[in-house]
Amino acid sequence: MRLIAAAALALVSTGTPATGAPVSTARVDRVAAALRQSPVFVDPDVSSLLNARDRTALGRQIAGAGVPIYLAVVPLDSDDESAGDADYFTYLLHRRLGRNGVYVVSDQRGSLDWTSYRVPRDDTLEFSQVTNGKPLPQRLHDVIDAFAHAPAAKPSDPPVPDAPDADSSGKKPTNVGLAGQFVKTFFSALAVSGVLLALLWWIVAVVLAAVRGARGTATRLRPRRLRRMAWAELVRLARAIGAAGEDDPGYPRAMADYDAAKLLWDEKQDPGSRFAVVVLALDGQDALRGGTADPQPRCVVNPLHGTAARRVRTALGGLSRRRQPMCEDCAKASRHRPLALVVDGRERPYYEAPGVWEKIRGTDENLPEHVLEYLGVE
Ligand SMILES: [Zn+2]
C-alpha cells in the first residue's frame, strides 16, 4: 500500500509541483522585484557575504557576460518556501521573474547553485571549477566568467524540480497520511480523466518493477557483511588482474585501484574504509571489463547498482546539489535512498561515513589517488 501511495504522491508532485501545502511566496516576489531593477540581489540577513564593492563588480561583470544572469544571495532554511532547496527556490524565482537567464543562488553558507533557463550556452559546468575553497565573491566571479565563455549550445529548459515535502523538513509522513493522500488522488484521478488513471497505474507498475529488480542489491551494510564483501571484491579484482595481463588498457587503473584498496584494507577497519575498498575493487573490475583506464563512475546513490548511465542533477542529503552519476534506474527515479552503512550502531549514507569518504565525497574521478592521498601515501 505504501508503495502505491508513494507512486501516487510522485505523480501529484511531478505534475503540479507548486501545489500542496500553502507556502508564502512573499520573499520570492520581493527577490524577483529586486532582480528586475538589478541583476544582483543580496538579502539583508546575509549582507555580510558580499560587500558593496563586490556587488558592483559582479553587476558589471554580468552586464558584460553576453547572456542574462541573475544572482541572488539568500538564506535557505528548512522552514522557508523552498524548504532550504536552492533548486526549488530557483524554480520559483524564475517562474515569478518570467525571464530566461542563468540563475545563480548562494545560501547563507556560501553554497552555490545555478540553473540555466533557455540560455544558448553549454551549462555543463563542473562544480570543481568553482568550488575549490575560494571566497564567495571569487567563486561567483568564476561562475559568471564560465557562462560568459561557455560554448554555444541549444537553449533548453531544466527539469521541473519536485516540490519539497514533509520529508525534506525532517518530518516523516505517516502511513495513514500517505494512504489518505493516495485515496484522495486515486478518486480524483478517476473523476478527472482515464488518461491520468492509466498513467498512475503505469507508474505503479514501473515502481514495482524497479523494486523487484533492486531487491538483490543491499541498501544497508552492517560491519560483518561489509568486511566479507570488501575481501571478496578485492580477491575478485586480483583474479581479474591476473587474467587480464599487462597489455590490457584497463590494467594500470586496475592496479592503482588494487594497490589503494589493499593498503586501505591493511590500515583501516572502519566501515567507511571497508566500503571504499569495495568501491575501489569494483572500479578496477570496471576498468578491465571496459578495457579502459578511465572507467565510468559508479552510481552515486548506491555504487553496488553498477556504473553510471548518465549524470542527473540531484540533491542527495548531505551532498551539494550537482550533476551526479547515476545508474539508469536511479536516473529515472524521483526519490533516492542512498546506500547506508551502519557506523557505531547508527545508519548513515555511505558517503557520510567518517574517514576516507570525507576525502572522496563529491568527486568521482581518480578514486585510487584520493584514497592514497587520504592514507598519506604519494
Ligand atoms: Zn543507482
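**View 1. Val 342 stands opposite Glu 347 of strand E9.** The model is predicted; local features need pLDDT of at least 70, side-chain atom pairs count only at pLDDT 80 or more, and totals for chains, interfaces and linings use all residues. Residues are numbered from 1 along each chain as its sequence is written. Strand E8 (residues 340-343) and E9 run antiparallel, joined by four bridges. Strands (E, at least two residues) and helices (H or I, at least four) are DSSP runs, numbered from the N terminus.

**View 2. Three strands form an open sheet in the order E5-E8-E9.** Pairing in the sheet is mixed; two strands pair if DSSP finds at least two bridges between them. Strand E5 (220-221) and strand E9 (346-349) are the edges. Each has a single partner strand, so one side of each lacks a neighbour in the sheet.

**View 3. Helix H10 (residues 271-290) packs on the sheet.** H10 touches E5 and E8. Contact here puts C-beta atoms, placed from the backbone, within 7 Å. The direction of H10 makes about 145° with that of E8. Axes are lines fitted to C-alpha atoms, for helices over the stretch in contact, and angles run from 0 to 180 degrees between N-to-C directions.

**View 4. Helix H2 (residues 26-37) crosses helix H4 (residues 86-97) at roughly 55°.** Their axes come within 9 Å. The angle makes H2 oblique to H4 (under 35 degrees is roughly parallel, over 145 roughly antiparallel, 65 to 115 roughly perpendicular, the rest oblique). H2 contributes Val 28, Asp 29, Val 31, Ala 32 and Leu 35 to the contact. H4 contributes Leu 92, Leu 93, Arg 96 and Leu 97.

Note on methods:
Two residues are in contact if their C-beta atoms, placed from the backbone, lie within 7 Å.
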